[in-house]
Amino acid sequence: MANIAIMGFGTVGAGVAEVARMNHDSIAANLGEEVNVKYILDVRDFPDSPYAAKMIKDFSIIENDPEVDVVVETIGGARVALDFTRRALQAGKHVVTSNKELVATYGRELLEIAKEKNVNYLFEASVGGGIPLLRPLFQCLAANQIEEIAGILNGTTNYILTRMVKGGVSFAEALKEAQAKGYAEADPTADVEGIDAGRKICILSDLAWGKEVKPAEVSMEGISALDLKDVDIAASAGYRVKLLGHAMRMEDGKVAAYVAPHLVSQDNPIATVDDVFNAVMIRGNAVGDVMFYGRGAGDLPTASAVMGDVLDVIEHRTKRRNIGWSEGACLADIKELSMRWYLRGEFSAEAARKECGEAEELAPGAVITAPMKEADAKAAAAALGACAVLRVL
Ligand code: NDP
Ligand code: HSE
């Protein structure tokens, strides 16, 4: 029998306990041994929970129990979770997490401790919720040089955009719904302002290119400044507006990474991804484009990914997955990237063409430019008096 301890009995932690319970027999049959949730650590009391007898408040019980094989960290944040994760790894325990803030910010250090202690630190659930994404990236695509990664990396904002456009509800109402469904972060600013997707594009970049991309150095723009008018104009011209994380390896070896809302042509499969679903395109130099799609947040989908890591660890107890990244990716200035831009204002298509060269008119006063650098697009927007400037994928 393998014993696990869950730290943080919220949306994901409770989901992990539920998956372990509902699939107990099939998991035991596949794994060849039972997986027992020995402890659940939380600051709150759950007297009516069926797990009440397993609830503890003192982390040192987990730390000092030699029977605990795997610690599941679903507390979130980078304070207590960092301390407990360091200590669990130092105590020689495998750790599995869904905490992207911790992985994006302290992953390099935590993976080094895991290596020293010959244990695993796995975090499949930290990007893409229930989508099998990180293991395919570092394992199945290992023979490729990864050229580009682009996708919808935040379920909450995709849910909000979908509800606003298709359900006609307000931003505030849609956010409340996302919170009630357990999709949003404890502080939903991280979702709405692109910070959560930013952490995820950092983790994907770390794994893809082996060098740490620090969240603090990545440009992150969310959906709070989006005007529904632009979403409507885009829709009537065959585009959808999506919040995308985007990273690519440049010819000089630098990595460009950022998060921003984009117009996406409806011919691109990413455009039709709605609700809490995420979709990520990874381009490898051998495989070409591969797409990953599924629920990007929520209790059971995320728990599915967490438990997948737990089972992997248990099955290969004495074998460490060789995951890690070194310090200091060289980041490209995203202002130097050439891309098409959507501009809207009180200007004619002719005036836009004078400023930008080619320009496709989507509606009166709304155009998509030819590829140009950000500084040039912003200069053209200023000259035209444009009130909306968005990237086009
Ligand atoms: P929740 O806030 O629902 O759960 C966290 C739980 O940990 C709460 O019960 C919280 O209690 C408890 N907690 C807080 N501090 C401590 C502490 N010091 N010791 C023990 N327990 C503590 O968060 P989620 O389950 O939504 O998210 C957990 C992590 O997973 C986050 O990193 C999140 O980003 C990530 N994630 C979440 C997904 C989702 O769909 N929700 C999907 C993928 C990843 P209290 O409420 O009283 O603070
Ligand atoms: N708040 C996150 C989201 C949870 O909405 O995508 C999943 O990481």
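1. H94 belongs to strand β5, residues 94-97 (helices are DSSP runs of H or I with at least four residues, strands are runs of E with at least two, and both are numbered from the N terminus). The H94 side chain gets to 3.0 Å from the backbone nitrogen of N120. Not counting residues up to four places away in sequence, H94 touches D69, V70, V71, V119, N120, V313 and R317 (contact means heavy atoms within 4.5 Å).

2. Some housekeeping before going on. This is a predicted model, where local features need pLDDT of at least 70 and side-chain atom pairs count only at pLDDT 80 or more, while totals for chains, interfaces and linings use all residues. Residues are numbered from 1 along each chain as its sequence is written, chains are lettered from A and ligands numbered from 1 in the order in which they are written, and side-chain values use heavy atoms, with hydrogens and water left out.

3. Now the rings. The structure holds seven aromatic pairs (rings of Phe, Tyr and Trp, the last by its six-membered ring, pair if their centres lie within 6.5 Å; planes under 30 degrees apart count as stacked, over 60 as edge-to-face and the rest as tilted). One of them is Y121 with F123, a tilted pair at 5.9 Å centre to centre and 50° between the planes. Y121 counts as buried because its relative accessibility is 1%, and F123 counts as buried because its value is 3%.

4. What links F123 to W325? Their ring centres are 6.0 Å apart with the planes at 80°, so this pair is edge-to-face. F123 sits in the loop between β6 (121-122) and α6 (134-140), and W325 in the loop between α12 (299-315) and β13 (338-344), so the pair ties together parts that are 202 residues apart in sequence. Both F123 and W325 are buried.

5. Two other aromatic items to look at. F9, F46 and Y51 make up one aromatic cluster. Over at Y258, the charged end of R391 sits over the ring, 4.7 Å from its centre (the test is NZ of Lys or CZ of Arg within 6 Å of the ring centre and within 35 degrees of the ring normal).

6. Which residues are the closest to ligand 1? They are V12, S98, K100, E185 and G298, out of 22 residues that surround ligand 1 (near means that a heavy atom of the residue lies within 4 Å of the molecule or strand). On the polar side, a side-chain atom of S98 lies 2.7 Å from an oxygen atom of ligand 1. Ligand 1 has 890 Å² of accessible area on its own, and the protein covers 79% of that (areas come from the Shrake-Rupley method with a 1.4 Å probe; for residues, only the protein chains shown count as cover).

7. Ligand 2 next. The residues around it include K100, N154, T156, A184, E185, D191, D196, G296 and A297. A polar backbone atom of G155 is 2.7 Å from an oxygen atom of ligand 2, while a backbone N or O atom of Y183 lies 2.7 Å from a nitrogen atom of this ligand. An N or O atom in the K200 side chain is 2.7 Å from an oxygen atom of ligand 2. Of the 250 Å² of accessible area that ligand 2 has on its own, the protein covers 94%. For polar contacts the cut-off is a pair of N or O atoms within 3.5 Å; within protein, one must be able to donate a hydrogen and the other to accept it, and residues adjacent in sequence count only if both atoms are side-chain atoms.

8. I223 is in the loop between β8 (219-220) and α11 (228-236). With a relative accessible area of 4%, I223 is buried. Leaving aside neighbours within four places in sequence, I223 contacts T157, I160, L161, F171, V192 and L243.

9. Last, the α4 region. Helix α4 (residues 80-90) has A81, L82, F84, T85, A88 and L89 as its buried residues. Just after α4, G92 takes a positive phi of about 85°. A78 sits in the loop between β4 (68-73) and α4.

Methods:
Buried < 20%, exposed > 50% of the residue type's maximum accessible area, 1.4 Å probe, protein only.
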